[in-house]
Amino acid sequence: APHWFFAGDALPSDPHAPLSAILGRDRLLAGAGNEREERRIDVRVPGLHNRANLAAAVAAALELGVPLDSIVAAIPSLALPAGRFERTVLATGATVVYDAYNASGSGTVAALEALSEERAAQKIAVLGGMAELGDESEPQHERAGRAAASSVDWLLAGGPFAAATVRGALRAGLPRQRIVEYATNHDAAEWLRKHARHDDLVLLKGSRTYRLEE
């Protein structure tokens with residue numbers, strides 16, 4: 001039977017099922033029955049969603065006959081493409097994570113969840129908005145705001161649906177004084193220049209149309 005895969009902490013109920021699982025952030029469990037092996041791994045891509053992708057890739061490689069030792073050896077070299085959780089350390093000591101190649105509801109939530117796993121003095125999310133969502137625009141921006149409330153110390157919301165992002169964050173319990181609604185990228189940059197400090201982590205997330213690379 002083909003492997004199935006997941007990332008998390010709960011093992012499947014069938015102890016004989018072939019699987020590939022990333023447990024926590026640094027353990028790989030692969031195989032079936034008495035032939036399951038657990039290995040320590042060095043995963044350098046952030047976020048539960050990327051660990052789930054890695055578990056799927058491991059399952060596929062095992063089905064194709066790639067030795068587990070070779071798979072484990074390759075994992076530290078994995079890296080995300082440009083525009084995906086791309087880090088830049090500023091002269092101030094703050095780190096900017098540019099993840100604005102594109103944005104969807106699930107992608108924005110995944111980026112915020114990845115941010116929540118990071119260590120930083122303060123976590124700041126600049127959400128520039130998600131384009132081309134049609135009737136889902138309002139609810140998806142609210143969803144992003146709710147996710148931000150449990151992931152960040154400060155939320156900067158921009159784009160045409162910023163009010164929905166703010167509404168979601170407020171309803172999820174983020175204090176109003178920790179939310180900034182900005183009109184232009186220049187305004188957001190000026191706020192960051194004044195407030196982002198050493199060891200802070202700033203996430204830039206939004207669709208390409210909002211040009212967060214500015």
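Helices (H or I, at least four residues) and strands (E, at least two) are taken as DSSP runs and numbered from the N terminus. The structure is a predicted model, in which local features need pLDDT of at least 70 and side-chain atom pairs count only at pLDDT 80 or more, while totals for chains, interfaces and linings use all residues. Residues are numbered from 1 along each chain as its sequence is written, and side-chain values use heavy atoms, with hydrogens and water left out.

On a 1 Å grid over the protein atoms alone, a pocket is an open set of points with protein on both sides within 12 Å along at least five of seven lines, a cavity is a set where a 1.4 Å probe fits but cannot get out, and lining residues have an atom within 4 Å of a point. Grid points are joined across faces, edges and corners, and a volume is the space filled by probe spheres set on the points.

The largest pocket holds about 440 Å³ of space. It is lined by 19 residues, of which Leu 90, Val 96, Ala 189, Leu 192 and Leu 204 are the closest to its centre. At least two lining residues come from each of β6 (95-98), α6 (185-195) and β10, and α6 gives the most, with five.

One cavity of 30 Å³ or more is found in the whole structure, and the largest cavity has a volume of about 50 Å³. Its lining includes Thr 108, His 141 and Lys 205.
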